[in-house]
Amino acid sequence: MPAPFPFDNSYARDLPGFYAPATPTPVTAPGLVKVNAPLAEELGLDPEALATPDAVEMFAGQHVPEGAEPIALAYAGHQFGQFTPQLGDGRAILLGEVVDRAGRRRDIQLKGSGPTPFSRRGDGRAALGPVLREYIVSEAMAALGIPTTRALAAVTTGEPVLRDRPLPGAVLARVAASHIRIGTFQFFAARKATDAVRQLADYTIARHYPELAGAPEPYLALLNGVIGRQAALVARWLLVGFIHGVMNTDNMSVSGETIDYGPCAFMDAYDPETVFSSIDQMGRYAYGNQPDIAHWNLARLAECLIPLLGEDKEAAIAAANGALKEFPARFRAAYHSGLVAKIGLAGPDGEASEEDTTLALELLSVMAASKADFTLTFRRLGALAADPEAAGPVRDLFLDREAFDAWATRWRGRLAATGRDGAATRAAMDRVNPLFIPRNHLVEQVIASATEGDFAPFETLNTVLAHPFEEQPAFAAYAGLPPSMAGYQTFCGT
């Protein structure tokens, strides 16, 4: 079989000592679940070749493909606020990197491929449910236009994994801009290995922020760059109701991608305190807390970079604090402009006026009081923008309909003042307000069916979610109000 990947492994080549060699562990009976053909083509790969028995065995860890240099990356991290100096890839192995058709370097990683030197007594395996959840949600995020790791393929192993009960095992082939995390910097900073931190920072700039290479203060510029990308990323999470679930520093990528889909979920009824993760007992990573947690995590990155910011420590700390102080404003600008666009009032350059921002935030308050469905409220609001007689479907989402009516009157007055065409406003709103998201009940139905050997619902859900903003009459049921999911919890899969 020809080499399936044209590997060029810069991390393994340029950063010795930043990882441990690791070899996937063979399994009993590999079986193909799905190859992501559009992503394969984006990577310059042959989708049909990736679906052959030899390729399926490779994805399952039966053999290492030609040109791969399998490694487990070292990193540390704050987990729920508590620092652990050594974590690392305990159930993931980076096979190597490819350069895609657009010239972007992308990691190819196997998740659930067996123990590594960082497994800490774990089995290094993944159950089918978490693999399918990550596949579904990461691909849905990509379709929503949100920076994210991607799912290239999923395979079953023919072996059970033991969690609270025996579950079918699986492996996910994941694609990422890189797997460099804030925790990667923390691993070396905790050991006071300043040269290693500098080496990692230089590599990160070259790979993710090449425009900063000639900056007078490249490491401060790097910090600013990561802050900007994370502010924009978390704003986009909130704008679609996404809850990451475990925003530890080791789960925060410096490239600005969403990474590590464990106990993630999308919110149904709007409530900023929504938590789904079974391990987040105190609500640290609740929906509404995500901006503050991102800010806190970025402060941990800044601490790592202090020795690189100048010989005068106090001046270095002041420079880092100056960068960090910009995060709230950068987040608010991204969030408010997106929120105003969701109600059809974005300015010509995407800007959000104070009046329109206040109006959008008032809608969120009315939604919270009525537990209105987040996704459907904004989507159905578009119909009302085009037709004043179309209030019923969105109005019916609110327990306090009079409160909604009062808000809608002010909103329609503001729309009228702009002089915009109603149909054009609706079209603009529909471009930013998805109709289809990975509803929790749909994901659970897919996992339950797949556990019994039926992957048809998985295929159908992926088909629907690939076009989240389009009306799909044949799949209207996927856009309906969800059933009550009171007490619903998600799990990290380890």
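**Note on helix packing, open spaces and selected residues**

1. Helix α11 (residues 327-342) packs against helix α12 (residues 354-370) at an angle of about 75°, and their axes lie 9 Å apart; axes here are lines fitted to C-alpha atoms, for helices over the stretch in contact, with angles running from 0 to 180 degrees between N-to-C directions. The two helices, α11 and α12, are therefore roughly perpendicular to each other, given that angles of 65 to 115 degrees count as roughly perpendicular, those under 35 as roughly parallel, those over 145 as roughly antiparallel and the rest as oblique. Helices (H or I, at least four residues) and strands (E, at least two) are DSSP runs, numbered from the N terminus.

2. This is a predicted model, in which local features need pLDDT of at least 70 and side-chain atom pairs count only at pLDDT 80 or more, whereas totals for chains, interfaces and linings use all residues. Residues are numbered from 1 along each chain as its sequence is written, and side-chain values use heavy atoms, with hydrogens and water left out.

3. On the α11 side, Y335, H336, L339 and V340 meet D356, T357, A360, L361 and L364 of α12, where contact means heavy atoms within 4.5 Å. The residues of this contact of α11 with α12 divide into six nonpolar, two polar and one charged; Ala, Val, Leu, Ile, Met, Phe, Trp, Tyr, Cys and Pro count as nonpolar, Asp, Glu, Lys and Arg as charged, and the others, Gly among them, as polar.

4. The axes of α6 and α7 come within 8 Å and cross at roughly 155°, which makes α6 roughly antiparallel to α7. T184, F185, F188 and A189 of α6 make the contact with A196, V197, L200, A201 and T204 of α7, and the residues involved divide into seven nonpolar, two polar and no charged. In the loop between α6 (182-189) and α7 (194-208) one finds K192, whose phi is near 55°, a positive value in a residue other than glycine.

5. On a 1 Å grid over the protein atoms alone, a pocket is an open set of points with protein on both sides within 12 Å along at least five of seven lines, a cavity is a set where a 1.4 Å probe fits but cannot get out, and lining residues have an atom within 4 Å of a point. Grid points are joined across faces, edges and corners, and a volume is the space filled by probe spheres set on the points.

6. There are three cavities of 30 Å³ or more, and the largest cavity has a volume of about 60 Å³. Its lining includes W237, H244 and E257.
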